[in-house]
Structure formats: C-alpha cells, structure tokens
Amino acid sequence: MRCTSLSLHLKMAAAAASSIQITTLKPALFQARNFFRGSLAKVGTDSQEAPLSRLLPSISSGQYLRRTLTSSPARFDKVITKASSEAGENKLASGLPIDLKGKRAFIAGVADDNGYGWAIAKSLAAAGAEILLGTWVPALNIFETSLRRGKFDESRVLPDGSLMEITKVYALDAVFDTPEDVPEDIKTNKRYAGSSNWTVMEVAECVRHDFGSIDILVHSLANGPEVTKPLLETSRKGYLAAISASSYSYVSLLKHFLPLINPGGSSLSLTYIASERIIPGYGGGMSSAKAALESDTRVIAFEAGRKHRVRVNTISAGPLRSRAAKAIGFIDMMIDYSLENAPLQKELSADEVGNTAAFLVSPLASAITGAVIYVDNGLNAMGVGVDSPIFKDLNIPKAS
C-alpha cells in the first residue's frame, strides 16, 4: 500500500542565515527549587548536584550553542531571547527527569496550535520524543499551510528555545475504521479530495510502514454534532455520532495501533467532568460519550496490559479556551465558574495538561494504568458552587 500522508520535517531555520549563536554559558550549578520548568522536577528532600554538560548535553562551557533553522525568521528575536534568558540563569539542576528520548508518539486529533493535543505534543517533544500527528482530513490543508508558513512558530517554542519538530502529519478521520466503512457522500466530498489512506486501519498501516513501531498513542478527539441540544432533545443519529467520534474512535485507534506499540509503551485520552457530573449545555450525548470513554479506559487497560504490556489512562481536563471548546458556546462561563469555585483560583493552562501527559507516558508512571487523572485545579473535588449567594455569610477562603 502506498502511503500518501504528508511529511512535515519542521526544523528551526533562518532565511538570512543557516544558524544562530546563543549566549555562551559558564559552567554552573542550578538551584533545584527554581528549576521546576520543562522536564525536570525535584522529588523528595535530597538534591544532588549534576554537571551542566550532563543535563544540557548540547551546551558546554566556552562554546556556542548552534541550532539549524528552517522556519520563518520573523520570530527569532523572541526565540533567542528566551533561550538566552532561561539557560543563562544560575540554577541548580536536580530531581527526576521526564526522559522520552528515543520514544515515538502518535497524537491523533491535532488541527491547530491552541488545544490540549498540541500542548501534549509540545510537552512530549520537550522531553525528547519524536512527534507524529494525525489531523482531521478537512482541516489538514490549513494546518499544513500554517505550519509551513511559520504561523505556529511562536507556539512551537520549547523550554530550551528550540522549536518543536513534527516528523510527519497523517490525514486521519477516526470515525471510519476501514475504507469499506466510508460512505459515498464522504468519498466524493471535496473536503476529502486529494487525500487517501486516512481511515484508522490505513493510518496504522502507514505508520507501521514508515516507522515500524511507536511507544506512545494519544487520543485527542471529540465531536458531538448536537452538543448544544439537551439530552432529551438529542436525536439517535446525533447521540451515536457523539459516541462514535468521541469514544469508540479511541477503541478503534487502540485496536489498530496496539500491535505497533512497543511493550512498556502507553496510551492516553482526554475526558471531561461531564462524564460524572451534570454540566448543563454539554449535551448531544457528549456526557455519555465521555462516560463511555472512561469506562473503556479501565477495560482496555486490563486487556492491553495483559496482552501487550501497554498502559492506558485518561486525563480529565478542566475548561480551556480552545477553538473546539468555543464551538460549545459557553466556555467562557465555565472558565469563570472554575475560577470562582475551584480550590486553586487560577485559569488552567494547556501546558499543565501537556506536562501531566508527559509524566503519564513516561517511565515515572510505570505503575499507573486504568486511571482517570484530574487536571482541573481541583474543581472535580467540589460538592457545591461556593460562589452561590447562599454561602455569602460563610468565611470562604479567597485567592489573594
């Protein structure tokens, strides 16, 4: 089978110069309490000193860090500044690294640069993983064009100042398992013209052909065509469409990709608190789809663990102002509600979900499987909304 998916070898580049020099770094030790960035974190009370050359092998005393660039030069001032300011501070490097070097990740459902899927890709890349993406077929051309023209360069910046590299992007529609499942109206749809081999089975075969195996599979897919309708007003077709795109798509991905995942590998998906709590406005069967996704996570964790030694988890993420979330229509309201009622009164960032994902797919989480991990500033723990006027006379703690 000839795989026609798009290859995007996106590396840092300059139009005017082939490389840049970043400020020489003097040999120094970093303070552990201030180095909670990127993929290093302090664990326990003891810290050990480590040579800078070991922690940042691409930087050595008396040498310039050179990085080859192949992208838009318009943003390099910001990139260089960030690399110099972060790497030049005197800090003690210590703790447990999240090391994904030599690992390959396939992330399904990335179509822009501001959702959780993109953030997960960045965190995995920052930890050293090779990144493959699966992008919905109708969005592929816009996504590829934006990458090629450097529109995502600013959001591709990693903690070390380099840009996230994406080895390959595959066209994917996870609603269809095999070519035989694709109806005629989709086959002839102009938004699918020029693309092929985009069903789940075909993409898995293409990844096997191109790379042989992967270590990490991420499901960042959800769609409910009737999400704005109350459940009692949702049609059977709309309900089943939500289940198909948001839940069974993960089952299908695992079914076809598990033979490619190396033993000891891992997989994760993204869920939402509506799976277990009533969220008015999150309708169309989407709450049911998220509940199914969490149940499937537990069952597949058992099956994949026993048969393939692969771990399976899901992250229950809080509200984020992504393009997909804005389609629901009340995302700003949910973010405001979280700010008022969550134990941590701050807006959730996509990077916080991405970093949790990096931990979950790393060897540091080698005993965690079948779990729902909440990354929502603790909102899931609340039993009441403390912003209610009923509680106005209580001495409820507020963020300073």
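## A walk through the predicted chain

The accessible surface of the chain comes to about 20100 Å², and 53% of that area belongs to carbon and sulfur atoms; areas are from the Shrake-Rupley method with a 1.4 Å probe, and for residues only the protein chains shown count as cover. This is a predicted model, in which local features need pLDDT of at least 70 and side-chain atom pairs count only at pLDDT 80 or more, while totals for chains, interfaces and linings use all residues. Residues are numbered from 1 along each chain as its sequence is written, and side-chain values use heavy atoms, with hydrogens and water left out.

The chain has 400 residues, of which 48% are buried. Buried here means under 20% relative accessible area, exposed means over 50%, and partly exposed covers the range in between (1.4 Å probe, protein chains only). Its secondary structure comes to 11 helices and 11 strands, taken as DSSP runs (H or I of at least four residues for helices, E of at least two for strands) and numbered from the N terminus. Among contacts (heavy atoms within 4.5 Å) between residues at least 6 apart in sequence, 81% join residues at least 24 apart.

The interior comes next. In soluble globular proteins, nonpolar side chains tend to be buried together. A nonpolar core is a set of buried Ala, Val, Leu, Ile, Met, Phe, Trp, Tyr and Cys residues joined through side-chain atoms within 4.5 Å. The largest such core in this chain has 46 residues, and Leu124, Ile131, Leu133 and Ile315 touch the most other members. Helix 3 (residues 116–126) gives the most to this core, with 7 residues. Leaving aside residues up to four places away in sequence, Ile131 touches Ala105, Ile107, Ala121, Leu124, Ala125, Glu165, Ile166, Thr167 and Lys168. Another core, of 28 residues, lies apart from the largest one; Leu221, Leu254, Leu260 and Ile300 are among its members.

Aromatic rings give a second view of the fold. Rings of Phe, Tyr and Trp (its six-membered ring) pair if their centres lie within 6.5 Å; planes under 30 degrees apart count as stacked, over 60 as edge-to-face and the rest as tilted. By this rule there are 8 aromatic pairs. Trp118 and Phe152 have ring centres 5.5 Å apart and planes at 65°, so this pair is edge-to-face. The two residues are 34 apart in the chain, with Trp118 in helix 3 and Phe152 in the loop between helix 4 (137–148) and strand 7 (168–172). Trp118 counts as buried because its relative accessibility is 3%, and Phe152 is buried at 8%.

Phe176 and Trp198 form an edge-to-face pair too, at 6.0 Å centre to centre and 65° between the planes. Phe176 sits in the loop between strand 7 and helix 5 (184–187), and Trp198 in the loop between helix 5 and helix 6 (200–211), 22 residues apart. Phe176 is buried, with a relative accessible area of 11%, and Trp198 is buried, with 8%. Phe106, Tyr170 and Phe257 form one aromatic cluster.

The loop between helix 4 and strand 7 also holds Pro159, which is partly exposed at 37% relative accessibility.

Charged side chains follow. Side chains of opposite charge can pair when their charged atoms come close. A salt bridge is a side-chain nitrogen of Lys or Arg within 4 Å of a carboxyl oxygen of Asp or Glu, and the structure holds 10 of them. One joins Glu130 and Arg104, whose closest N and O atoms are 3.0 Å apart. This bridge links distant parts of the chain, from Glu130 in strand 6 (residues 130–136) to Arg104 in strand 5 (residues 104–108), 26 residues apart. Glu130 is partly exposed, at 24% relative accessible area, whereas Arg104 is buried, at 18%.

Arg156 and Asp153 meet in another salt bridge, 2.9 Å from N to O, and both residues are buried. In the bridge between Arg277 and Glu276, the closest N and O atoms are 3.5 Å apart. Arg277 is partly exposed, with a relative accessible area of 42%, and Glu276 is partly exposed, with 37%.
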